[in-house]
Each structure stands twice: as C-alpha cells, then as structure tokens.
Amino acid sequence: MTTTTPVMAPVPMQDRATGRAGRRAASAKTKLSSPAASIIAIVIAVLWTVPTLGLLITSFRPELDIRQSGWWTFFTDPQVTLFNYNEVLYGGSTNFASLFVNSLVITLPAVVIPISLALLAAYAFAWIDFPGRNILFVAVFSLQVVPIQVTLIPLLTLYVDAGLAGSFWTIWLSHSIFALPLAIFLLHNFMKDIPASLVEAARMDGAGHVKIFFSVLLPLLTPAIAAFGVFQFLWVWNDLLVALTFAGGAPDVVPLTVRVAELAGTRGSDWYLLAPGAFIAMILPLVVFLALQRYFVRGLLAGSVKG
Amino acid sequence: MEWFLRADTVEHKLALMVFAILLFAGVMGAILFGVDRLRRVPLWVIVGGFLGPTFLLLLVGLVYPALSTIRGSFYDRNGSEFVGLDNYVTVFTEDNFQTVLLNTVLWVVLVPLVTTVFGLVYAYLVDRTRFESLAKALVFLPMAISMVGAGVIWKFVYEFRPDQPGVNQIGLLNQLLVLVGIDPQQFLLDAPSNTLYLIVVMIWIQAGFAMTVLSAAIKAIPDDIVEAARLDGVGGVQMFRYVTVPSIRPALVVVITTVAIVTLKVFDVVRTMTGGNFGTSVVANEFYTQAFRQFNFGLGAALAVLLFVLVIPIIAYNVRQLRLSEDVR
C-alpha cells in the first residue's frame, strides 16, 4: 500500500521542498488529531472500497455460488476457484490474454510518442526565442478545449482513406494527437521553472539547442516526465471511446476495455466472466498507479492548480 | 505493407510496437540531428525541427477534424446535402433528445457539486489525522480504475434478482433493501431515478481527484492565518466556513470546472452500465450512438459541436475566476 502522503504545494519542481512542509505537517499531526474525525474518515474510506472488494471476491468464487448467493457469504463459506480467471484469459469466447497484449501494444507507443513530441515542443516554447512564440503557445494551449468527440468522425474518414483503418496505427496516432495540448502545457510549466542560469551557462559553452535539451534539461525533467507518463498511461489503458471508434470491429487490435464493456452489454449476468475480466483490465493500471502515485499527484496538481 | 497493418500473433504485435517506437525515434532523431549539424542554420529551421511534427499532428488531427465536424453538423446524415440548422433543431426539439439534454444537465450540475463538497469535507476531516494517508489512498484508488471497470463494479452493486422465495439477492444494495424489509429495485431500469444511480458512479470515481487537489490547497494555507483565527476563538465549523473555504477558493473553482468538463463528456459509464437505454443517455453517449451506430453523421456532428459549445462557458468561468483571484493577490 502507499505510505507517502502527497504533501504538495502548487510549486511542482522542488523535490526537497517536502522537507519544510513535511516537518510542519508532522508537528501538527501530533497536536491535532480528533478521534471522531478519524473514525468518520475510516468509515467513508471503507464504504468507498466495498464495491470493488465485492467484485474482487466474486471473481474468485465458483460460478454456481455467484449465481446463488451474495459475495458476502464468502466470509462464512469461503469457496475459492481460479477457474473463472482461467476461462476468461484463455477461453475461446473471451481470450483476455491476447487482449491484454493488445492493450499493452496500444499503450506503450501512445505514451512514448506524445511525451517525446511534447518535450521538444515545450522546450521550443520555453527556451527558443522566436517571433510569434506566445501566440502559438496560446493556440496550442487553447486546443485543450476541443472535446475529442468533435474530431472522431473526420479522423475515421481520414484513416479509412489512408488505408489505416482497423490497425494499431489509428489508435497510436489518435492518442498521441489528443495528448499533445495538455502534455505541452504541463511540461512547459515544469520547464519554465528550471533556472535560466543553467541554460545560459550551457549556451556560453557553445552548446546548441539540441545539446542543451538533451544534456541540461532532460535530466532535470525526469519527475515531470514520470508525472505525465503515469497520467497518459492511465488515460490510454483505460480509454474506451477512442479504441471503440477506431478498432471496434478489429478483434486483433481491440484493448481490454472494449471487450469488458461489450461483455457487460451482451453477457451482463455472467458475473463469473465479467468480474475476473474487469480485474484483469484493472490490474496493471492499479500497480502502476500505486507505484508511481507520488508523480501522478504532482502532475495532477501542476495541471489543475494552474488552470 | 500488409505486415505493418495486420498483426495477429503476439510476436508480430510486439514487433510492430517496437517498430513504431523506433520509427518515431528515428524520424525525430534525424530531424534533430539535421538541425544540430547544419552550421549557422536560420532560426526558423531550428524552431521547425522542434515544433514541426507537433504542429503537423495538431493541424491534421485536431484543427482540421474540428472544423470539418462543425461543417458536417449542417449537412444530412451522409454529409451530401446541406440542411442548415435541421440537426440542431432535431437535438433541441425531439422528445428523446430532450431526455438526453435533461440528463446531461443533471450530470453536469450534480457530479461537480457533490464531488467537490464531499472531497472538501473529506479532505478537511482527514487532514492531519493518524490515518490520513490510508484514508486518502482508499478514496483515491478509483482514479486508477477505468470508467468501464467502475461501471462493472457498480453494475454488480445494483444487480437485481426477482423477489421470490429461494432467490437470494446478489447485489449489495438490493440485499440491504431486503434486510430492512423493502422490495428489491431494478435500479438501472427504472427511469428517471436510474440516471441518479449512474451519477453516483461518477461521483465515486471523481471524489479522489477533488479530495487530492483540495487537500493540497488546505495544507498550503499559511499556519499564521490558522493560528490567528484560533487565537480569536474561531474553531470547528466556523474555522471551516470562514478560514478554510475562502482560503482555497481558487482550488475549489478549478475542481468544480475540471470535474464539470470531464462529466460533460461522460460516455464510458453510461455505455457500460445501460448502453444509454432506459432513458439514461447523455450527449456524449448519444453522439457515439448516432455517429457510429446509426451512421447519422450530421446528427452526430451536431451533438459533438454541442459538447464543444457547452465546454466553453465552463472554461471561461474558470479563467475569469483565476484572473479575479490573481487580482486579489
């Protein structure tokens, strides 16, 4: 479980800044700790978790038990089977194992490509002085307003005309495009916070923009990249709309989410398939999220607090 | 060519993925290498190297499609005949679309409000308590779960079994109803209350976000302000009302508007849980249905444009409030 509390001022870059705030929080912790508040908090937290727990337990119960009794009977009569997972992963009608591969194949490029592009663009906006810079930045920034729904019909037509329809390329391209405005905005915020003296010093040594980007800025930006990386990973892995639109009819391409949503519609009462299916789709994002929560929260705050 | 488009084995898919990443890295590397190597390159070449690919993608993948959709919303279902405002008239006058619009309003009002209030109260409650990190992590966790997954989780909570002897309820909520002696309900089938049960799911997902941002804002309130208020004898609810809330106003505005925008585009929850049937559809779901199930591109485009238009006042409000709070400082 996570032990780190994200102690975050809206100033994202300072890793060490947790020192002061952390000490302050720690000293305050001892002086103000109302038991009533703690109890209410724990009750709410448990209520928040029960729905997920119920489905998790269900995913391990035998099919007949699932049909005949509620998951809470598990506590009095614990029956556990791995049959459901086996059936969902390798069964002919579901075959989630291959869908897991699809989700993975979709997600990695759809995270790497937009981050790389956005890093370059953010660098140009932050550290290259060119005419029209501010106008272009505002233009890119305001593209965040465009809901992806607005782009889907014409994009699908473009993909069909280009002969890409129903392939991984459509999903990689779409996710990359949709991620760019927010990614550029976030990374630009982080990049601006790097002291100008560092960049100036490198420039004095005769380094060009490419060298400055790779050797001075990139190492300092690792936390920011991690922050947006987690964000984009969750977004792509959990996406339904883009995948359904561009790969809905291509079984070799569809990710887990599409198939789970489909199962919920067509076999909505087959909980012995639906429950483990949902958890197979959830496991990787949960692991990534728990492992990198600190970065995720930082990205969240940097993005939302500034607007 | 076929190799690049159709991958049907695991090895092939992985190879294609590696190829895509390498292709991208190669193209970007070549551009940057070229920019770097040429001596005395004009500034625009450098800028073009850094920004060119991004702008190409944004123009082809975002700007052009958006304009094309706006144009398409004035055409008929195949995009062949100009129909003026007909699609918009349909959206605003036909009965089933009225339901869709009404549902969307319900979502966009209820989800941000309840989420923010809950997130605020919860963040305030757990602030500086012993279980803070665990309590926050549990509420935060749904953020990592896809809306599809959340839909399945809650569909199970709402699961209904006919009320007959020998039939046990397997959904948690109906079991609780039966325990207190109420007949089990078809939560997802009975309009209009089913929309409310879907809204609960969205609140469950978004509360963690509200809590995290507001909690950070609460922690950023300077200690001296809190101390001064306490010396003046302010405590408990009054402290919350007169010190905490006004101090974090900008964060509150950001949370409300962010959640409102996400909610406006909600699609996955509705599609997974009811498929938009039983009077639960919302604009974003209806867009998908019209555009990609009914193949009525004109109507789909009009619904997408409607989403676009509805986002703008929310963002305008956000920007205005942020300006105001900056002026105060």
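Biologist: How much area do domain 1 of chain B and domain 2 of chain B bury between them?
Modeller: About 920 Å², with 54% of it on carbon and sulfur atoms. Buried area is the accessible area (1.4 Å probe) that two parts lose on being put together, summed over both. This is a predicted model, where local features need pLDDT of at least 70, side-chain atom pairs count only at pLDDT 80 or more, and totals for chains, interfaces and linings use all residues. Residues are numbered from 1 along each chain as its sequence is written, chains are lettered from A in the order in which they are written, and side-chain values use heavy atoms, leaving out hydrogens and water.

Biologist: Which residues of domain 1 lose the most area there?
Modeller: S73(B), R77(B) and D86(B), together 55% of what that side of chain B buries.

Biologist: And where does each domain of chain B run?
Modeller: Domain 1 covers 2-86 and domain 2 covers 87-328, with bounds from an automatic or database domain assignment.

Biologist: Switching topic, how much do chain B and chain A bury between them?
Modeller: About 9,900 Å², 78% of it on carbon and sulfur atoms.
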